[in-house]
Amino acid sequence: MTRSILLTGGSGLLGRHLTTALLAKGYTVSHLSRKAGNDARIKTYVWDINKGIIDERCIDGVDTIVHLAGSGIAEKRWTEARKKDLIDSRVKSIELVYDLMKRKQHQVTSVVSASGIGYYSNRGDELMFETNAPTHDFISQCCVLWEDAVNEVEKLGIRTVKFRTGVVLDKNGGALPTLAKPIKLLVGSPIGSGKQWVSWIHWLDVVDMYLLGIENKDLNGVYNMVAPNPVTNLQLTQAVAKHLHKPLWAPNVPGFLLKLLLGEMSSIVLGSTKVSAQKIEDAGFKFKYTDLDAALTDIYGS
């Protein structure tokens with residue numbers, strides 16, 4: 001039975017949710033972070049990914065590593081320097097942990113890692129499964145490098161699970177507040193054609209899926225982390241407006257304007273990624289929220 005867990009990216013929104021859930025279940029949880037933590041229940045080890053520095057005690061007694069570290073994909077414009085940071089923060093971070101595991105005694109048996117549905121990139125109306133090939137654009141190749149880095153640990157005989165995460169619905173961070181803000185200001189509208197698919201998931205299901213990945217030793221390889229019923233950008237925008245009790249009257253935000261404002265990063269909002277949840281359901285996962293309306297009712301309480 002897994003009892004001691006090390007999280008990279010533990011101070012992020014999802015990391016905090018998962019830490020809370022793990023502590024409630026009686027796990028010992030420690031974090032790898034850029035600075036010392038202030039929660040007495042969690043031991044924080046400091047690392048500096050760019051300098052290749054890591055506190056070597058971080059893997060002592062740990063049986064599962066959960067890799068959530070990574071700079072926010074949509075936080076800043078994708079300059080060449082930003083692209084390098086997006087890749088390095090995901091890839092170099094896990095490489096630093098693996099290098100430590102190769103030279104130091106440890107009892108790690110599992111690595112459970114985030115990845116993204118950006119792996120599939122923009123695929124129109126086609127339903128994506130874990131077996132679909134990636135594309136050659138930046139976001140897809142970033143996910144490929146991320147997963148390849150995680151796969152390296154398999155050579156040490158360690159179980160790896162990779163969750164290709166969709167659009168996580170959480171009113172405290174991620175895509176939802178960004179979408180909700182213009183709606184609250186009465187200038188919300190669908191983006192581009194509004195027909196592009198959004199594969200969403202409630203944050204509680206994200207936490208539960210990580211718990212399954214940690215506890216079910218039969219889970220191995222790649223799984224899509226999305227709810228079973230994707231929606232279009234138009235449907236998502238309308239649903240959020242309904243729950244916020246705000247009208248939608250502004251015209252769609254034109255795609256060319258987003259390309260002008262966001263550059264290459266516009267691909268993540270104009271792209272269409274319709275993703276299947278079948279594999280994780282077949283593995284026994286039970287979603288709390290399969291319906292967008294129910295998910296938003298829980299989040300907004302209305």
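User: How are helices α2 and α3 oriented, roughly parallel or roughly perpendicular to each other?
Analyst: Keep in mind that this is a predicted model. Helix α2 (residues 80-103) packs against helix α3 (residues 138-151) with the axes 9 Å apart and an angle of about 5°. Angles under 35 degrees count as roughly parallel. So the answer for α2 and α3 is roughly parallel.

User: What sort of residues make up the contact of α2 with α3: how many nonpolar, polar and charged?
Analyst: On the α2 side you'll find Lys83, Leu86, Ile87, Arg90, Val91, Ile94 and Tyr98, and they meet Phe138, Cys142, Leu145, Trp146, Ala149 and Val150 in α3. Sorted by type, the contact has eleven nonpolar, no polar and two charged.

User: Which element supplies the largest share of the largest nonpolar core?
Analyst: That core has 39 residues, and Leu18, Leu22, Val66, Phe163, Tyr210 and Ile280 have the most contacts inside it. Several elements supply at least two residues each, including β1 (4-8), α1 (13-24), β6 (110-116) and α5 (203-215). The largest share is seven residues, and it comes from α5.

User: And how many residues are in the second, separate core?
Analyst: Among its members are Val91 and Ala149. Those two also take part in the contact between α2 and α3. Val108 and Met265 belong to this second core as well, and its size is 31 residues.

User: Which residue forms a salt bridge with Lys25, and which helix is that residue in?
Analyst: Lys25 sits in the loop between α1 and β2 (28-33), and its partner is 190 residues apart from it. The N to O distance is 2.8 Å, and the partner is Glu215, in helix α5.

User: In the salt bridge of Glu264 and Lys83, which residue counts as buried?
Analyst: The two side chains meet at 2.7 Å, N to O. Glu264 lies in the loop between α7 (255-262) and α8 (267-270) and Lys83 in helix α2, so the pair ties together parts 181 residues apart in sequence. Glu264 is partly exposed, with a relative accessible area of 39%. Buried means under 20%, so at 12% the one that counts as buried is Lys83.

User: How many salt bridges does the structure hold?
Analyst: One of them joins Arg41 and Asp39, with the closest N and O atoms 2.9 Å apart. Others share partners and join Glu75, Arg82 and Asp85 into one network. The number of salt bridges in the structure is 15.

Technical notes: Residues are numbered from 1 along each chain as its sequence is written. This is a predicted model: local features need pLDDT of at least 70, side-chain atom pairs count only at pLDDT 80 or more; totals for chains, interfaces and linings use all residues. Side-chain values use heavy atoms; hydrogens and water are left out. Axes are lines fitted to C-alpha atoms, for helices over the stretch in contact, and angles run from 0 to 180 degrees between N-to-C directions. Helices (H or I, at least four residues) and strands (E, at least two) are DSSP runs, numbered from the N terminus. Angles under 35 degrees count as roughly parallel, over 145 as roughly antiparallel, 65 to 115 as roughly perpendicular and the rest as oblique. Contact means heavy atoms within 4.5 Å. Ala, Val, Leu, Ile, Met, Phe, Trp, Tyr, Cys and Pro count as nonpolar, Asp, Glu, Lys and Arg as charged, and the others, Gly among them, as polar. A nonpolar core is a set of buried Ala, Val, Leu, Ile, Met, Phe, Trp, Tyr and Cys residues joined through side-chain atoms within 4.5 Å. Buried means under 20% relative accessible area, exposed over 50%, partly exposed in between (1.4 Å probe, protein chains only). A salt bridge is a side-chain nitrogen of Lys or Arg within 4 Å of a carboxyl oxygen of Asp or Glu.
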